[in-house]
Amino acid sequence: MSAATALRPSEPFPLPSGVSLARRLKLLLSFSRTGLSVSPVDEWQLKSALLAFLRKPPLSLSLLQDSDLSVSRLPDLQKRRRDDPVASGILYVRDLSFLRPSNRAGGDEAEKMTPEQEENKYSQWRSSLVQKLDGIDLNLKGVMYRMSVEIPASDDFTAMKKSWEEFYASELFSTRNPVRKIAKRPDTILVRGVPSRWFAETRISSKASTLVTHTIFSALGKIRTLNISNDDELEEKKDETNKGLISGLNCKVWVQFESYDDFHNAMKALCGRSLEKEGSRLKVNYDVTWDREGFFRNGQYELAHNKLEERDAPVHGRKKHYTSRIESDHRKRFRD
């Protein structure tokens, strides 16, 4: 049985190579004007006012750091309708110590709670916080803003599980399927936006290694195969002004598990968490989802290797056989 099945929301989940998963709440924010003012959006004032509101009662998120809240003005404000958002933001709540309160006798009351009970307590608190924040009005020197709040799809395991169940149910009853229909279930996850150097072999390379990546994700379940590639698309979205200047800092990983149960437990462990590493103060807020396109089944994996072969072909026209380091590592160290 995987250790991820007994994972508590209030506890970090240690992984090999000094990496760990830490629970946090991520909320997507949007701000729209409620008055007739057309004054420019002051991002600093908006962030300061919201932080002050969050740190005071009744929410009392006193341990909230300035870096846990980001607010940015949306482009082309003149072209937007009055009800359209003018700014967006992301809020992270990392202090979840309230889930394990200590009683007066000095014991730990939460020890009596099962992981399922603790997860239910966290879900209720999260829903309550979203209800309290959604629709509040902020007054910034006479300019009124209304804030909308939602939980991202990649952080809501219940909603994600419902999405893959509905997806495969629709495929089962689709007329395109053969007469003899077989129910399918997902087995592959996709993790994006993780630092390549955290999955690299120390003092050998800064690129993600199959060996290290396989070792880390094996703590979540038995792996059938995996694939690693640069996540340049995510980097371009984060910095549209410097497209193409930095490449290979982040990577995306497809992990196919041997069984649906391992896939299910891995998704549950990865949802709603940040990646941390010993010796680093960086908290990586990756994106995780399930593979609905069938990356390993539909030939995308082979297509990626074919592009590598074309890239490394000699100038004189003779096509050179290319074997990636990832592929060779997998053959040498992970033979079936």
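Mentor: A charge sits over a ring if NZ of Lys or CZ of Arg is within 6 Å of the ring centre and within 35 degrees of the ring normal. This is a predicted model, in which local features need pLDDT of at least 70, side-chain atom pairs count only at pLDDT 80 or more, and totals for chains, interfaces and linings use all residues. Residues are numbered from 1 along each chain as its sequence is written, and side-chain values use heavy atoms, leaving out hydrogens and water.

Trainee: Which residue has R292 lying over the face of its ring?
Mentor: Start from the ring centre, which is 5.5 Å from R292. The ring with R292 over its face belongs to F167.

Trainee: And how far is the charged end of R94 from the centre of the ring it sits over?
Mentor: The ring here is that of Y92. The charged end of R94 sits over it, and the distance to the centre is 4.9 Å.

Trainee: What are the angle and distance for F295 and F296?
Mentor: These two form an edge-to-face aromatic pair. Their planes are at 90 degrees, and centre to centre they are 5.1 Å apart.

Trainee: Is F295 buried or exposed?
Mentor: Buried means under 20% relative accessible area, exposed over 50%, and partly exposed in between (1.4 Å probe, protein chains only). F295 has 4% relative accessibility, so F295 counts as buried.

Trainee: Why is helix α6 largely enclosed by the rest of the structure?
Mentor: Helices (H or I, at least four residues) and strands (E, at least two) are DSSP runs, numbered from the N terminus. Helix α6 covers residues 260-270, and among its buried residues are Y260, F263 and L270. The helix is largely enclosed because, of its 11 residues, the number buried is nine.

Trainee: Is P14 buried or exposed?
Mentor: P14 lies in strand β1, residues 13-14. Leaving aside residues up to four places away in sequence, P14 touches V19 and S20 (contact means heavy atoms within 4.5 Å). Its relative accessible area is 60%, so P14 is exposed.

Notes. Phe/Tyr/Trp six-rings, centres within 6.5 Å; stacked < 30°, edge-to-face > 60°.
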